[in-house]
Amino acid sequence: MTGHETTGSAGVKVMPVAHRSHPDEDTSEVIQQAIDRASLLGGAIVELLAARWFLDRPVVLKDNVELRGVGAGTCLKASLSFLESQGPHGGHPLITTDGAENVTIRGLTADQSAELLDANAARGRLKEYLIDIRYSKNVVVEQIQTTNPFTYSIAVVGSEHFRIRNNMTTVTTSGKYDQLDGIHVLGSSFGRILGNWVDQGAGADGDDGMAAHTMGEAVHDVTYEGNVIRGGRHGAGLQFAPGNEPIYNIAVLDNTFWGSPVGIRTGYYGGRAPLDNLVITGNKFVDIPGRAVDLFGRIAGIAVTNNELCRSGDIKIGAGRGNYARSNRISRRSRRAVDPQGAAK
């Protein structure tokens, strides 16, 4: 099932892995063995060729390993037995980094099979996430398409120096699950979230398109740039949720928020820590029935400038040192939707 090693253009070992796709065949072990071997070699690319790879258990990345597909045709899919196992922290991630450093997940489809499984009856549904970046440093997630999630699609937990770029998330289930965020940053720092297409509103179960949340650790020095975001009917396009630790030094630049109940807002769960030094500029808010921006609580240093509002609610910022909104404009252009490349129609 495993091919011969080759050498990439930068001298990095590439370990191709291929198999014949059968729904009753668990391929977790062969993928995990390739990852373990690549790490023991000091680092390599584990390349999964085009196929549907059924997983009975989560795949765990190791230091200095890139798990790479060849595009959407490489699909990792939770099997009907997937919920019988758990990840390292008691949940059900499809792929987790679990403390690994210098890792990449690139170029594949990750399918959690929410339409086939009854994840509500399983223990730990919200303890780990579909793509679970956890307690790690120097992580890249790019060109991943997540589908059929029963938890957050891409989550960054207790990690630093991460890049989440050019991915697509979607939720299509209706009435089965809750708390289905697209890209969720929890207690993590020094990250860039760039050029993603996030649609949590295709079904009825989606929650926030993106969220930053603090519990045991702060969220700081994170940039959201050039994303196209629709939150689900339960959530916002982007929610900042300071719990018992602060959120600070955040930039929200040149994104398109569309079709969400609310554009950007604050929410408080388990605490009311401050939100400081937040810049929101150059964004478009399209067809947002609620407020485009709604920030309140212990907020300071909030600058909301040069954003465009089209058929969307207003901007409201609570009182706080250095808070202001200026040079935002209402557009009269007739735009009804946004395509997956982010072009308004």
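Biologist: Which strand is joined to β9 by nine bridges, and in what sense do they run?
Modeller: That is strand β11 (residues 137-147), and β9 and β11 run parallel. Strands here are DSSP runs of E with at least two residues, helices are runs of H or I with at least four, and both are numbered from the N terminus. Two strands pair if DSSP finds at least two bridges between them.

Biologist: Before we go on, what kind of model is this?
Modeller: It's a predicted model, where local features need pLDDT of at least 70, side-chain atom pairs count only at pLDDT 80 or more, and totals for chains, interfaces and linings use all residues. Residues are numbered from 1 along each chain as its sequence is written, and side-chain values use heavy atoms, with hydrogens and water left out.

Biologist: Thanks! Back to β11: which residue there is the bridge partner of Ala110?
Modeller: Thr146 is the partner of Ala110.

Biologist: And what pairs with β9 over three bridges?
Modeller: Strand β6 (residues 65-69) is joined to β9 by three parallel bridges, with Arg68 opposite Arg106. Strand β7 (residues 74-78) also pairs with β9 in the parallel sense, over three bridges, and there Lys77 stands opposite Asp111.

Biologist: How many residues of β9 are buried?
Modeller: Eight of the eleven residues in β9 (residues 101-111) are buried, so the strand is largely enclosed by the rest of the structure. Buried means under 20% relative accessible area, exposed means over 50%, and partly exposed lies in between, using a 1.4 Å probe and protein chains only.

Biologist: What box do the C-alpha atoms fill?
Modeller: Roughly 60 × 40 × 35 Å along the principal axes.

Biologist: What share of the chain is buried?
Modeller: Buried residues make up 57% of the 345. As for contacts (heavy atoms within 4.5 Å), take those between residues at least 6 apart in sequence: 70% of them join residues at least 24 apart.

Biologist: New topic: where is Ile31?
Modeller: Ile31 sits in helix α1 (residues 28-40). With 0% relative accessibility, Ile31 counts as buried.

Biologist: What does Ile31 touch?
Modeller: Leaving aside neighbours within four places in sequence, Ile31 is in contact with Leu48, Trp53, Leu55, Val59 and Leu67. Ile31 and Leu55 are 24 residues apart along the chain, and their C-alpha atoms are separated by 9.4 Å.

Biologist: Now Ser159, is that buried or exposed?
Modeller: Buried, at 3% relative accessibility. Ser159 lies in the loop between β12 (154-157) and β13 (160-165). Not counting residues up to four places away in sequence, Ser159 touches Ile133, Arg134, Tyr135, Ser136, Gly187, Ser188 and Ser189.

Biologist: Last one: which strands does β25 pair with?
Modeller: Strand β22 (residues 247-253) is joined to β25 (residues 275-281) by six parallel bridges, and Ile250 stands opposite Leu278 there. β25 also pairs in the parallel sense with strand β28 (residues 299-305), over six bridges, where Asp276 has Ala300 as its bridge partner.
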